[in-house]
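Subject: Model handover

Hello,

Here is the model for you to look over. My notes follow below it.

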Amino acid sequence: MSKTSSDEVIILDCWASPFCVRVKIALNEKGIEYEAREENLFGGKSELLLNSNPIYQKVPVLLHNGKPLSESTIIVDYIDHTWNSTSPLLPSSPYDVAQARFWADFIDKKVFEAGRKIWTGQTDEVVEVAKKDFIEILKQLEELALADKAFFGGESFGYVDILAVALTSWFYTFEQFGGFKVEDHCPKLSAWINRCYQRDTVSKVSPDPIKIYEFVAMLRKKMLGIE
């Protein structure tokens, strides 16, 4: 049953956050109308954000009829269970669900953090190590999780795809600061990224990678003093 007419769905958002993108893709896949409220994370967080996520005080926060939820992976899971009559994101088999959760955990712990070490690296040696680690993580995803499938869940775009593809708008930044191309090392993963971006649910909420690069360059200068 569609809940778009009766439910109030608000995302406390930041345009550059891949974790906010996850939530927006999941809602788009379900056909749920929502309001995205941009937070100024550097100029003072809103009282609504501080009250809705008092522990971490960060986005995304999903407000569903006034009830707050934090952490993107948890929110995507909640969206799938709450609006469960259309476009299931998680597979039906308990074993496949467990596998999806394993790779979700792997992605959460490994991918973005490895990329962060590339753009925050202050010496060539540090950046080189971070780059190799990042590429190795992507190769593990490509070889062990994606393999020869169209999507991580098989033929259907789903839970793991959402969690992973939302991070890819930052890949251009990692490439620029690391001096490499993901496509050269992980061609199947690159083809998967292209397939995902053919979906309007993904492309219309994913930030421009060049704008992300400019944003990160500003962060490097502001936070680390690196030009």
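Where is the place of Tyr 34? Tyr 34 sits in the loop between α1 and β2 (35-38). Helices (H or I, at least four residues) and strands (E, at least two) are DSSP runs, numbered from the N terminus.

Some ground rules. This is a predicted model, in which local features need pLDDT of at least 70 and side-chain atom pairs count only at pLDDT 80 or more, while totals for chains, interfaces and linings use all residues. Residues are numbered from 1 along each chain as its sequence is written, and side-chain values use heavy atoms, with hydrogens and water left out.

Back to Tyr 34. Its relative accessibility is 25%, so Tyr 34 counts as partly exposed (buried is under 20% relative accessible area, exposed over 50%, partly exposed in between; 1.4 Å probe, protein chains only). Leaving aside residues up to four places away in sequence, Tyr 34 touches Val 9, Ile 11, Lys 24, Leu 27, Asn 28 and Val 205. Contact means heavy atoms within 4.5 Å. Glu 8 is 26 residues from Tyr 34 along the chain, and their C-alpha atoms are separated by 7.2 Å.

Domains next. The protein is divided into domain 1 (9-82) and domain 2 (94-224); the bounds come from an automatic or database domain assignment. Their C-alpha centres lie 21 Å apart. Across the interface, 17 residues of domain 1 are in contact with 24 residues of domain 2. An unreviewed UniProt entry places the feature "domain: GST C-terminal" at residues 93-219. UniProt positions are in the numbering used here, feature names are shortened, and annotations may be inferred rather than shown by experiment. Over residues 93-219 the chain is 75% helix and 0% strand. The end C-alpha atoms of that stretch are 43 Å apart.

On a 1 Å grid over the protein atoms alone, a cavity is a set of points where a 1.4 Å probe fits but cannot get out; a pocket is an open set with protein on both sides within 12 Å along at least five of seven lines; lining residues have an atom within 4 Å of a point. Grid points are joined across faces, edges and corners, and a volume is the space filled by probe spheres set on the points.

The largest pocket has a volume of about 740 Å³. It is lined by 25 residues, and the closest to its centre are Ser 17, Phe 19, Lys 58, Val 59 and Phe 112. α1 (18-30), α3 (72-82), α4 (94-120) and α11 (209-224) are the elements giving two or more residues to this lining. α4 gives the most, with 4 residues. Domain 1 and domain 2 each supply at least three lining residues.

The structure holds 1 cavity of 30 Å³ or more. About 50 Å³ of space lies in the largest cavity. Its lining includes Ile 107, Leu 138, Phe 152 and Trp 192.

Last, the backbone. A cis peptide bond joins Val 59 and Pro 60, with omega about 0 degrees. Pro 60 is in the loop between α2 (47-52) and β3 (61-64). Ser 87 is not a glycine, yet has a positive phi of about 45 degrees. Ser 87 lies in the loop between α3 and α4. Ala 147 also has a positive phi, near 55 degrees, and lies in the loop between α5 (124-146) and α6 (159-165).

Best wishes
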